[in-house]
Amino acid sequence: MDPLYMANSLFRRRRFEDCVQVCTEILEANPYDQAAWFLKLRSLTEQTYVDEVDMDEEGIAEAFLDDTAIADVARPGTSLKGPPGTTSRGLSQGIRPVSQSGRPLSGFVRPGTQGGRPGTMEQALRTARTAMTARPVTSASGRHVRLGTASMLTEPGGPFVDVSKLNMSKYSQRPALAKALFEYLFHHENNVRAALDLAALATEACQFGDWWWKIQLGKCYYRLGMYRDAESQFKSSLKHFSTIDMFLYLGKVYVKLDQPLSALDYYKRGLEKFPNNTSLLIAIARIHEGLNDLDSAVEYYRQVLKYDSTCVEAIACIGTHHFYNDQPEIALRFYRRLLQVGVYNAELFTNLGLCCFYAQQYDMAISCLLRGLQLSPNDDNTADVWYNIGHITLAVGSVSLAYQCFKLALTSNNSHAEAYNNLGVIEWRRGRGEQAMTCFQSSASISPHLYQPHYNLAAASEKTGNLHSSYSCVKKSLEVFPEHLDSAELMKQLQQHFAAL
Amino acid sequence: MSDIADTGREGEPDRSGERKSSSSGSSGVPKMAEGRIVRGTRPHDIAVHERKNWLIHLHYIRKDFETCKVLIGEMLQETEGMCEYAIYVLGLIKRQEGEISDSLELFQRAVTLNPNSSAAVKQVARSLFLLGRHKSALEAYNEALSLSPQEWEILHNMGVCCIYLKDYDQAVERLSEAVSLSPQSQSYVQLGRVHLLRGDLHKATEVYKTAVDHNPDSPELLTTLGLLYMELGETKKAFEALGSALTFDPSNARAILAAGAMIQDHGDYDVALSKYRVAAAVSPESPQLWNNIGMCLYGKGKHVAAISCLKRATYLAPFEWKILYNLGLVHLSLHHFASAYHFLRAAVGLYPQSGQLFMLLAVALAHWRMTMRIPCKVIRTALTP
């Protein structure tokens, strides 16, 4: 069989490694065989191809040294940064717990949106529930660099294309080859600057008339952190032609620039061209969630489910929403659907267990939680499961069992702030004030984004008469959750003490 | 407030005559000219240390703390820390900013400068009190009392310290003295608290009644009085007190809750629900409120909504056995005996002292078609106290 035909067939069957091997053999025989060279380029690229549209990880460096955002103090509802505690619509913190950034807990953990943008370096480094940080130091150290090194390994005889010796202007004249080469440079070599050179030359060669090159230019600018340039490239390519990707890219740029409303605007324009596209709908829902507007987010997730009934993210988010809205039975249906879709992990079983419990199906609840414990892959997860079991035992009325559960949660994960807090409450009920205070204190120091330990500490100090520390604690509690009535009342009382002569 | 005003006025020219001789030598004083018309006598004859007291006072009472601090800094530098009033005000500012230990130090300095100032001694005592050192605070108040006897404030604070030290007899004595000197509502509140801590409801009610006589327009006092009457079972008086509390502050969550509960007791569920709607806007996270709403709905026969509300209440307050009791009751009336059993058992786990709980538990078990032996056993446990 003709080896080139063979390679082509392998490529079509997505057996890229074999294809590369065949191509290498052809090229050894004839180094100037352009077809083989092209095919090898393509199959190497396909091996490391990543959809750039996906949400990418936001590292500490990007989040903290962020000079692209326009306003430091944005108007309410126009920024994803949102100061913690501003739950504008939806449920209050008293009902729905918050993540580290003071945002209501989401049903689906995804990069970028989960942490929010930290106000201080300390906040950026610290993560709830863990001693380590959940953020990568910078996103460049994530998948991009790893891909770059992977290319070196696969090439025993040196790199396939020597980037430094490439004659960019020559390749830019040949559109088909240039596109393949660009993708190779961008995805496989991860050499964004060379890719940018090539794209710039190529777009010049076709008199700025090719929308594809403009998108690629935008992608390069985005990767280099030049968001304004990326924005203009995407916009200008949108004039020639519109694809779903373009709207998604533009939205991504605006999220980086902390302009969620513009992102929403573009997503909605995208929806006009491509009605009911699930990627656009999900993107809109994510932004609404980032803006703490949970009701509209759920609305969009529902639309997603209409067109794609297996979308895990949408199912999980709607399930969580129902759970915290006192509808555990409906939440249970969504989580069961997740199980059907094929998700099988500790988190899901814990959620199922909790839903069963609050829907009063006690027998199922216990077995689900047990399964959750079995499946939990690491200590952090085990701690969470034990913590939830503790809640259930509390609701069943056996306080001492709950005490044990929270202790177990702490043995698995020594920095589980919620467990510390609850342990403190139980200790306080048992009349052991000292231990309770210690628990509250450690909880408050581990995760300062929770209002409960601060308030508990304040209330306990007030009871023992140490009004000074009570004042400082209640102040923190109000910072985190300004609408908390009990904190506000305690504050009022203390202020009377302080202002009195 | 009167103390500050006095000290503040010291800078004005009526006292300046006395110190004329001492300060006439200094020539670089006429900084004051901006605020005053210089006529005949030059302003430099005012005592140096107290020259700007009026200005500090003016800024302080306007809560212009930043300017005040700058001014005080200048003053302290000029007088080498001898200006008593500046130190005193700085202490007050520090306290309002929440730095109690700093303010304590400052007040102590003020006391060393002028050991006869009862105001400064009082502030030292107050700082100690805020720091939770009640014994030392009590000593300091004793000292202040020897400087200015017959001051209700000192007596009141002594009483509060005694409460924290759990010396209730002493506290009652001190607070009664304070009340007899000046009928202040806060003293009454503390006095009532002591009686409540001792479990003496009648006396506490008496105290609150006199307090309300003196302050007939305080919603807080009226609400507490109403609640006490409720506790004593005097519904009519309670309703009166709560009603007048609500006329003064229609959005007082506590009063609304209490009034709603009473209306609910009379079976007027719709009115009670409309009351609760107002309260829910103010405090959406109050478990008591959700419990009452749930029971209201139960009374109206809306069982599912009732259960949902009660569940939210127990979500917010997992240690409240009464909510669980109510949940058990609602489930019993729905003939969901297994669920009722679980809720009642949880309530028993939290509060095993209630006979009624065991009764309901037994009822649930009996209906659950179990052998009659278990319910009997449960009832027997209920009967043995």
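These are numbered notes on a predicted model, taken point by point.

1. Basis. This is a predicted model in which local features need pLDDT of at least 70 and side-chain atom pairs count only at pLDDT 80 or more, while totals for chains, interfaces and linings use all residues. Residues are numbered from 1 along each chain as its sequence is written, chains are lettered from A and ligands numbered from 1 in the order in which they are written, and side-chain values use heavy atoms, with hydrogens and water left out.

2. Confidence in chain B. The mean pLDDT (the predictor's confidence in each residue, from 0 to 100) of chain B is 81, and 84% of its residues reach 70 or more. Over residues 1-38 of chain B the pLDDT is below 50, although this stretch has 47 contacts in the model beyond near neighbours in sequence; a contact means heavy atoms within 4.5 Å. Where pLDDT is low, the predicted coordinates should not be read in detail.

3. Chain A overall. Chain A has 26 helices and zero strands. These are DSSP runs numbered from the N terminus: H or I with at least four residues for helices, E with at least two for strands. Of the 501 residues in chain A, 53% are buried, where buried means under 20% relative accessible area, exposed over 50% and partly exposed in between, with a 1.4 Å probe and protein chains only. Of the contacts in chain A with a separation of 6 or more, 58% are between residues 24 or more positions apart.

4. Aromatic pairs. Over all chains there are 25 aromatic pairs. Rings of Phe, Tyr and Trp (its six-membered ring) pair if their centres lie within 6.5 Å; planes under 30 degrees apart count as stacked, over 60 as edge-to-face and the rest as tilted. Phe323(A) and Tyr324(A) are edge-to-face because their planes stand at 80 degrees, with ring centres 5.2 Å apart. Phe323(A) is buried at 15% relative accessibility, and Tyr324(A) is buried at 12%.

5. A pair across chains. Tyr358(A) and Tyr315(B) have ring centres 6.4 Å apart and planes at 65 degrees, so this pair is also edge-to-face. The pair runs from helix 18 (residues 346-358) of chain A to helix 18 (residues 303-316) of chain B. Tyr315(B) is partly exposed, at 29% relative accessible area. One aromatic cluster takes in Phe323(A), Tyr324(A), Phe357(A), Tyr358(A), Tyr362(A) and Tyr315(B).

6. Charges over rings. The charged end of Arg430(A) sits over the ring of Tyr403(A), 4.4 Å from its centre. In chain B, Arg193(B) lies over the face of Tyr164(B), 5.9 Å from the ring centre. The rule asks for NZ of Lys or CZ of Arg within 6 Å of the ring centre and within 35 degrees of the ring normal.

7. Cysteines. There are zero disulfides over all chains, a disulfide being a pair of cysteine sulfur atoms within 2.5 Å. For Cys368(A), the closest cysteine sulfur is in Cys356(A) at 4.6 Å, too far for a bond. Cys368(A) is buried at 6% relative accessibility.

8. Arg15(A). Arg15(A) lies in the loop between helix 1 (3-12) and helix 2 (16-29) of chain A and is partly exposed at 40%. Its side chain makes a polar contact of 3.1 Å with that of Asp18(A). A polar contact is a pair of N or O atoms within 3.5 Å; within protein, one must be able to donate a hydrogen and the other to accept it, and residues adjacent in sequence count only if both atoms are side-chain atoms.

9. His468(A). His468(A) lies in helix 25 (residues 467-480) of chain A and is buried at 19% relative accessibility. Leaving aside neighbours within four places in sequence, the residues in contact with His468(A) include Phe498(A), Gly98(B) and Leu131(B).
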